[in-house]
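Dear colleague,

I am passing on the structure below, together with some notes on what was found in it. Please read the notes with the model open beside you.

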Amino acid sequence: MNSQDIVIPPELRPSDGRFGSGPSKVRPEAMAALLEAAPGYLGTSHRQLPVRSMVGRARDGLRELFELPEDYEVVLGNGGSTAFWDAMVFGLIEARSQHLVFGEFSAKCAGAARLAPFLEDPEVISAEPGSHPEPHPSETVDLYALTHNETSTGVTMPLERVPGEGLTVVDATSAAGGLPVTAEAFDVYYFAPQKCFASDGGLWVALCSPAALDRIGRVASSGRYIPPSLDLRIALDNSRANQTYNTPGLATLFLMVEQVEWLLASGGLGWAVGRCARSAGILYGWATESASASPFVADPRARSPVVGTIDLAESIVAADVAAALRANGMVDTEPYRKLGRNQLRIGMFPAVEPGDVGLLTRSIDYVIGVLG
Ligand SMILES: *Cc1c(COP(=O)(O)O)cnc(C)c1O
């Protein structure tokens, strides 16, 4: 039977079939709020109050969600986390960075630093996909580039500030809003809104400690060439005025604010963390019990609560399972392309209902039953 022709019984189908790891599910309530606000908001100037107050709500809401100390700042700019890597290379690394590489995203971040002709070659500490390396405090390094959740492999690592003078700068693109963190653990915690913040892409947000703010000022006045659109001091000045240097995606901003305020109203970061943990408990519990599935990440502590990677038995073609799910409205369960495993990857960000993860596992069982 062609996998796309499989019809999954309606009672096994989730209420919402979006399980992507980014872009990911946008809550229908947030879409409805955007539609209602649109006439006075979309298509209006980002230098005027309606949009500037939205940037202000984003900054205030994120400060509250992450319980940031007074002297930390929320900085925003355009281009998503990938653009932030370049901003970091131009504006945060003084001479040499250390990178923990354990998947595609952390490798790309290290690659951005390696390309910069004005920096020394970065120190790269790698681990096999499915595990994570540990940082090595070093006198020759002024910035440690960590990744809280490696989205390509579904590995999370515990976050602690690396001892010494170097800044701890964390790619939290898929972690922020779903994994526990405290401000003491980082100098910069940066992310984009299309994952836990259930919005669209194109924006980056960086939570910055006083040491990070000092570094931004020092590098910006060092005489190094910095393209203005990647200049963190310019981004900081604009953020303080509740603006971005150039035009942001207004719908993106709006949907992110909806999600931040929804998380706060529901109980804050602790609530979101608990909800993702509940979804992950359902997914990994099912995979551990199943004869035809198993968690890809061997160490249970390193299994991501927001991006689950599930290997399937050799007798089942994961791509066929993902295709059958897609034909039945459950989308984006395909694995990360370059990992090349017989695997499903399931986004379990806070917008996803834990009950829907349970129904997804039942749908997968159904498809495997028909294909087998
Ligand atoms: C999604 C993701 C990125 C890339 O984000 P963009 O906004 O598309 O640039 C970077 N790092 C991690 C860990 C991610 O999950």
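**The ligand and its surroundings**

The ligand is surrounded by 13 residues, of which Thr 82, Thr 151, Asp 171, Gln 194 and Lys 195 are the closest (a residue is counted as near when one of its heavy atoms lies within 4 Å of the molecule). Please bear in mind that this is a predicted model, in which local features need pLDDT of at least 70 and side-chain atom pairs count only at pLDDT 80 or more, while totals for chains, interfaces and linings use all residues. Residues are numbered from 1 along each chain as its sequence is written, and side-chain values use heavy atoms, with hydrogens and water left out.

A polar side-chain atom of Thr 151 lies 2.4 Å from an oxygen atom of the ligand, and an N or O atom in the side chain of Lys 195 is 2.6 Å from an oxygen atom of the ligand. Asp 171 places a polar side-chain atom 2.7 Å from a nitrogen atom of the ligand.

**Two helix pairs**

Helices here are DSSP runs of H or I with at least four residues, strands are runs of E with at least two, and both are numbered from the N terminus. Axes are lines fitted to C-alpha atoms, for helices over the stretch in contact, and angles run from 0 to 180 degrees between N-to-C directions.

Helix α8 (residues 269-289) packs against helix α10 (residues 354-371) at an angle of about 15°, with the axes 8 Å apart. That angle makes α8 roughly parallel to α10 (the term covers angles under 35 degrees). The contact (heavy atoms within 4.5 Å) involves residues including Arg 275, Ile 282 and Trp 286 of α8 and Val 357, Thr 361 and Asp 365 of α10.

Ala 30, Met 31, Ala 33, Leu 34 and Ala 37 in α1 meet Ala 251, Phe 254, Leu 255 and Glu 258 in α7.

**Backbone details**

Gly 22 and Pro 23 are joined by a cis peptide bond with omega about -5°, and Pro 23 is placed in the segment before α1. Ala 198, in the loop between β8 (188-191) and β9 (203-208), has phi near 45°, a positive value in a residue other than glycine.

With kind regards

Terms used:
Angles under 35 degrees count as roughly parallel, over 145 as roughly antiparallel, 65 to 115 as roughly perpendicular and the rest as oblique. A polar contact is a pair of N or O atoms within 3.5 Å; within protein, one must be able to donate a hydrogen and the other to accept it, and residues adjacent in sequence count only if both atoms are side-chain atoms.
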